[in-house]
Amino acid sequence: MNFQPRAQFTTEQRRLPFDCIALLLQGGGALGAYQAGVYEALTEAGIHPDWVAGISIGAINAAIIAGNPPETRVDRLRDFWTQVTSTGPWDWSDNSLFDWARSDATRNIVNQMSAGLAAACGVSGFFSARPMLPWLQAAGSSDATSFYDTGALKSTLERLVDFDRLNTGMTRFSAGAVNVRTGNFVYFDNTTHTIQPEHIMASGALPPGFPAVEIEGEHYWDGGLVSNTPLQWVIEWGAPQDMLAFQVDLWSAAGQVPRNMGEVATRQKEVQYSSRTRASTDQFKRVHRLQRALAALLRRLPEDLREHEDVKLLSTASSDHVYNIVHLIYRARNHEGHSKDYEFSRLSMQDHWRAGYHDALRTLRHPEVLTRPTSADGVFTFDLEHDGRE
């Protein structure tokens, strides 16, 4: 498949019965092209997020989305993913892929070779291998604390993201990172920070590969070290409002018991970085049901009791708002192994992008996804595979 724009899509905002449309992007390195495919499908459907939050590669995709006007966002995402997959030793399209190379075994070998090249040399416009091993460098320098230099990513972000636009807040932007000194999880948000390339790089500074990023005297690592999913942040720290949230995950919590060491490494990453999105969603549903019940109870109180200090305190924990949480989760193919998050071949990127695009299309065929929930807990969750819809 030649990586070209699809048919003309609409940038007209679709009217939906929610106050806020949020796009939540998990970390996952090279798998992040899946999120770009999801976004392309949402854009074609006229669904443009009011709030984009991400971790690691999700923060990069989120910055490109929030830092460009709707009509150019898909093109800028395509620019990024074409750039970072431009250094492979092969550039097979689906039409040029030999029949013998279509098998899982052969694709696995090809993918491992591509991942090995990225590990040895780096990725164009993203990171490059340091000429000397870290333990041969002077202690305290970034060269001594990481295997790769990410200076190229700064230039790429400056080229593809309009930071003036991003910081106007037309689209809310959030990126999660970890303070290296305190170990605290923090979010860089354009409602509280002036976002620069360093904030996005900090969200993706996964050690020991990438160096910590210094911002205002503090050093930050990849937010995925604490939580790889921004769902909780958006729900807890957003203004009280009815929300439609598209949670785009690159790691599936569910999986098979490993049969060999390669599968052990793969499954370890899936468990570590999936962040148990479904468990978090189930917990939120239970809490929000209590919040709605409390809101209903408080409305029944006599007027004189409503002014009591205890009642005022309880009212701050009540909520009548509704939420649709739509899960889109990348399902890895058989030929992908433990290196899938740093396997930056053009062919795999196209596979990931296409998977996100078609998963989003199939999800949007279900009208309940975009319908205001009516359940008692005020929360509707949708997962195409988990719910057995298709």
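Biologist: Which residues of strand 11 are buried on one side and which on the other?

Modeller: In a regular strand the side chains alternate between the two faces of the sheet. In this predicted model, where local features need pLDDT of at least 70, side-chain atom pairs count only at pLDDT 80 or more, and totals for chains, interfaces and linings use all residues, residues are numbered from 1 along each chain as its sequence is written, and side-chain values use heavy atoms, with hydrogens and water left out. Buried stands for under 20% relative accessible area, exposed for over 50% and partly exposed for what lies in between (1.4 Å probe, protein chains only), while helices (H or I, at least four residues) and strands (E, at least two) are DSSP runs numbered from the N terminus. Both faces of strand 11 are covered, with buried Tyr323, Ile325, His327 and Ile329 on one side and, on the other, Asn324, Val326 and Leu328.

Biologist: Which residue in strand 12 is the bridge partner of Val326?

Modeller: Two strands count as paired if DSSP finds at least two bridges between them. Strand 11 and strand 12 (residues 379-383) run parallel and are joined by five bridges. The partner of Val326 there is Phe382.

Biologist: Which residue stands opposite His327 of strand 11?

Modeller: Strand 10 (residues 243-249) pairs with strand 11 in the parallel sense, over seven bridges. Opposite His327 stands Gln247.

Biologist: What arc do the buried residues of helix 3 cover around the axis?

Modeller: The buried residues of helix 3 (residues 73-83) are Arg73, Val74, Leu77, Arg78, Phe80 and Trp81. They lie on the same side of helix 3, because the arc that they cover around the axis is only 160°, taken from the directions from the helix axis to the C-beta atoms.

Biologist: How many of the 19 residues of helix 13 are buried?

Modeller: Helix 13 (346-364) is among the elements that cover the buried residues of helix 3, where contact means heavy atoms within 4.5 Å. Helix 13 is itself largely enclosed by the rest of the structure, because the buried residues number 16 of the 19.

Biologist: Is Glu216, with its positive phi, buried or exposed?

Modeller: Glu216 is not a glycine, yet its phi is about 50°, and its place is in the loop between strand 8 and strand 9 (218-222). With a relative accessibility of 81%, Glu216 counts as exposed.
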